Amino acid sequence: MKPLTFLLFLAASAFAEKPRIIFDTDITGDVDDVLALTMCHTLADRGACGLLGVTISKDNPLSASFVDAQNTFYGRPDLPIGVTRDPKAQKRPSSYLKLADSPEYPHDLKSNDAAREAVDLLRELLAKQPDNSVSIISVGIASNMANLLKSKADKHSPLDGPALIRQKVKALSIMAGAFAFCNRTNYHLEANVINGIAFMQTVANEWPEDVPVYWSGYEIGEALPFPRDSIAEDFGYTPHHIVREAYLLHSGPAHDRPCWDESSVLQAVFPNRGFFGLSSPGRVTVGTDGFTKFTPPGKDARGGKRDRFLTMSSVQQARVLEAIVQTTVQPPKK
Ligand SMILES: [Ca+2]
């Protein structure tokens with residue numbers, strides 16, 4: 001290969017390997033979803049990934065409007081937004097979604113009724129992408145992931161949910177469960193699971209065996225406290241900042257909110273940069289009480305190798321937290 005051809009080949013491969021991400025969020029109760037969505041935008045701004053759309057997995061009438069306001073703030077006013085219409089999805093109040101009604105954050109999607117249905121949007125986005133190119137980041141209850149798995153052939157694709165995932169999805173980066181001692185127990189029942197146990201069981205039982213799943217357990221985010229000093233000092237480049245105001249409405253000025261959801265964004269966009277360690281491959285099962293149990297292959301009848309959970313040394317913890325802070329405070333590109 002001639003030098004120029006080789007360079008072009010290298011450039012093309014580097015571009016081809018950038019993950020195209022879909023952000024699936026339960027943006028309502030906790031505020032780490034807001035910071036994680038910001039990371040999706042700033043990482044897309046710098047070309048580290050493509051951002052295809054946002055789907056919302058819980059029920060609150062202001063969720064789509066808020067996401068559109070945040071997307072508009074970050075220069076993507078037309079990014080597609082889907083919401084769950086599953087009556088079994090948890091309804092959840094919010095301390096910060098009311099910012100969607102503030103005149104400081106203009107946007108045009110004003111109600112969930114005007115947003116797309118989440119699974120229909122997921123199927124369309126996946127069908128349009130090259131094979132094996134999409135990384136899904138799921139950081140809430142698993143209503144949309146479960147309903148995607150249950151979906152049938154439609155106008156977007158002749159494939160059912162599992163076959164479409166097998167064709168288009170490179171990996172699922174999911175914040176759910178607990179895989180180590182955390183929150184003072186060896187048996188922590190994590191919110192994204194227990195607020196929709198049947199949905200998470202569907203994901204654990206039916207996600208295709210050959211599409212890797214990276215689980216960020218409660219213990220990872222718990223060890224990543226977002227510094228209150230950053231909220232106080234780093235968002236002053238504009239008088240009204242939707243991230244700072246959401247954070248303060250949720251956590252106040254004197255709390256370092258754990259970065260649960262942000263960890264799954266970092267893993268999805270930079271899977272090979274050593275931010276996290278990984279367990280051996282194995283299989284996660286979800287019990288009827290919502291406990292997530294990891295079983296290495298060979299000890300499980302199914303011998304699954306689909307799942308790995310994230311680990312983090314103290315050195316990695318320092319790197320990860322600073323990477324999350326610096327990508328969260330990065331101003332919009334526009
Ligand atoms: Ca969340």
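Axes are lines fitted to C-alpha atoms, for helices over the stretch in contact, and angles run from 0 to 180 degrees between N-to-C directions. Helices (H or I, at least four residues) and strands (E, at least two) are DSSP runs, numbered from the N terminus. The model is predicted, so local features need pLDDT of at least 70 and side-chain atom pairs count only at pLDDT 80 or more, while totals for chains, interfaces and linings use all residues. Residues are numbered from 1 along each chain as its sequence is written, and side-chain values use heavy atoms, with hydrogens and water left out.

Helix 3 (residues 63–73) packs with helix 11 (residues 242–251) at an angle of about 140°, their axes being 10 Å apart. That makes helix 3 oblique to helix 11, since angles under 35 degrees count as roughly parallel, over 145 as roughly antiparallel, 65 to 115 as roughly perpendicular and the rest as oblique. In this contact (heavy atoms within 4.5 Å), F66, A69, Q70 and F73 of helix 3 meet I242, V243 and A246 of helix 11.

The calcium ion is coordinated at 2.3 to 2.6 Å by D26 (OD), D33 (OD), D33 (OD), V139 (O) and D261 (OD), where donors are N, O and S atoms within 2.8 Å of the metal (3.2 Å for Na, K and Ca), and sites may look incomplete as water is not among the atoms. D33 and V139 are both buried, buried meaning under 20% relative accessible area, exposed over 50% and partly exposed in between (1.4 Å probe, protein chains only).

Two residues other than glycine have a positive phi.

| Residue | Phi | Relative accessible area |
|---|---|---|
| N132 | near 55° | 47%, partly exposed |
| R184 | near 65° | 73%, exposed |
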